[in-house]
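Please have the sequence and the model at hand as you read.

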Amino acid sequence: MNTDKVIQDTLSQIKKARPTMTLVVILSLGTFIVFFQGFMVAPILPQLSSLFGVSVRYVSFIEPAYLLSYGLSTLIYAPLSDKYGRFPIIIFSMIGFILMTGFTGFVNTIDQMLILRLLTGIIAGGVAPTTIGWIGDQFPYEKRGHALGVFFGFMAAGTAFGSSSGALLTAFVGWQMLFWIVALVSLLILVVLLINHKNFVQDQSEKEFSLTNTIKNYKNIILLPRGWRTYMFVLFNSMFHSGVFAWTGYFFFKNYHLNEEGVGLALLGYGIPGLLFGPFIGKLADKYGRNRIIPIGICVGALSAYLLGMNYTLTLSCIFIATLSLGFDMTHPLFAGIITTLSKQKGVAIGLFAFVMFMGYGLGSLGFSLIVNIGLNTSFKLFGLIAGIGAVMSMLAFKNEK
């Protein structure tokens, strides 16, 4: 018996086998914990401000430091995953993420935290976009919305539970232990990934990685009308959601005088729509078209931000946090689905998607920090109004995404 032929036949069968949602969930765990760590500091900004003796506004810059560095690093990791495979890149990033997260628990100044958050963003940039690339490899376009809905559900859940659990855990164990707990949980997720490594077999590309060719491919994708329109809305939507959400913890602290536990519970609703309805929303998009779901999603987010700025009762504000999350779940997974069809080199297209998304996250939180002096509630309303204009524009931009 020809051993090489048996091996090749086995690999071929693995590749042809329909991937299960269990594998999507396993890979999405890495993205969950990366986003958990990324947003868990937002609700404890007042505490860090008091601890390090600086203003809340200054402390808030640790968010864009992490998000912007993450976005920049994705431009390199994603095309590397085309060459060397998705799984090795994810594992490399997870190992670096664990180390940097653990080190952050030992900082003594806010400047040290800023530097470590920046380094964490750089090393962790290979997790989320590479997972999207794997989904793009394994699922046909007409079924991709469901899988991406699951993935982005975990992303939204990581954001929400990072914010809520971060506030709750800090109240009991302190902020240093919070980082060490996340590092430990990340280590457990890494073990789960390694145990299941045989399920993520992927042929390596014979093409050599070239920075020149990568830049050329980025340029070709951007020049596509369907490409630049989608990326522009990814940037816009990311700026909107990050700018609003980065300040929701302080919003509840200032307007309703909640402590860390109260802020954590108030933000808990952000991830619920993604976990419950993410796959369902993806199926709706596959069936009825992204041209219908995307404008509705942007509009839902815009209304949520504006109504938060109206400073209604605590109960209503908690509901608006959940609907803000729903707006994210109705837009970003659908953008990702479109992106995966722009080029045969999915890693390049998705790397650019992740870059634009995280640059939007960083610029959004930075922009909100710069304008917050006009008033916290007024800033929420302004972001909501701008997003409302974007919802109208999206109806024209995505009219052919049926």
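Phe35, Phe39, Met155, Ala156, Thr159, His241, Ser242, Phe245, Tyr270, Phe328 and Tyr361 line the largest cavity. Helix 2 (21-39), helix 9 (141-173) and helix 12 are the elements that give two or more residues to this lining. The model is predicted, with local features needing pLDDT of at least 70 and side-chain atom pairs counting only at pLDDT 80 or more, while totals for chains, interfaces and linings use all residues. Residues are numbered from 1 along each chain as its sequence is written, and side-chain values use heavy atoms, with hydrogens and water left out.

**Cavities**

- On a 1 Å grid over the protein atoms alone, a cavity is a set of points where a 1.4 Å probe fits but cannot get out, a pocket is an open set with protein on both sides within 12 Å along at least five of seven lines, and lining residues have an atom within 4 Å of a point.
- A search of the whole structure finds 2 cavities of 30 Å³ or more.
- The largest cavity has a volume of about 70 Å³, where volume is the space filled by probe spheres set on the points, and grid points are joined across faces, edges and corners.
- Its lining divides into 8 nonpolar, 3 polar and no charged residues; Ala, Val, Leu, Ile, Met, Phe, Trp, Tyr, Cys and Pro count as nonpolar, Asp, Glu, Lys and Arg as charged, and the others, Gly among them, as polar.
- The second largest cavity, at about 30 Å³, is lined by Leu45, Ser60, Glu63, Ala246, Trp247, Ser365 and Ser369.
- By class, the lining of the second largest cavity has 3 nonpolar, 3 polar and 1 charged residues.

**The second largest pocket**

- The second largest pocket has a volume of about 190 Å³, and its lining has 7 nonpolar, 1 polar and 1 charged residues.
- Helix 12 gives the most to this lining, with 6 residues.
- Residues lining the second largest pocket include Trp228, Arg229, Gly390 and Met393.

**Helix 12 and helix 17**

- Helices (H or I, at least four residues) are DSSP runs, as are strands (E, at least two), numbered from the N terminus.
- The axes of helix 12 (residues 225-245) and helix 17 (residues 314-329) come within 11 Å and cross at roughly 160 degrees; axes are lines fitted to C-alpha atoms, for helices over the stretch in contact, and angles run from 0 to 180 degrees between N-to-C directions.
- Helix 12 and helix 17 are therefore roughly antiparallel, a label for angles over 145 degrees.
- Phe240, His241 and Val244 in helix 12 meet Leu324, Gly327 and Phe328 in helix 17, with contact meaning heavy atoms within 4.5 Å.
- By class, this contact has 4 nonpolar, 2 polar and no charged residues.

**Helix 16 and helix 17**

- The axes of helix 16 (residues 290-309) and helix 17 come within 8 Å and cross at roughly 155 degrees, so the two helices are roughly antiparallel.
- Among the contact residues are Gly297, Val300 and Gly301 of helix 16 and Ser317, Phe320 and Ile321 of helix 17.
- This contact has 6 nonpolar, 6 polar and no charged residues.

**Helix 6 and helix 10**

- The axes of helix 6 (residues 86-104) and helix 10 (residues 175-195) come within 8 Å and cross at roughly 160 degrees, which makes helix 6 roughly antiparallel to helix 10.
- Residues that meet here include Phe87 and Ile90 in helix 6 and Trp175 and Phe179 in helix 10.
- The contact of helix 6 with helix 10 has 17 nonpolar, 4 polar and no charged residues.

Technical notes
Angles under 35 degrees count as roughly parallel, over 145 as roughly antiparallel, 65 to 115 as roughly perpendicular and the rest as oblique.
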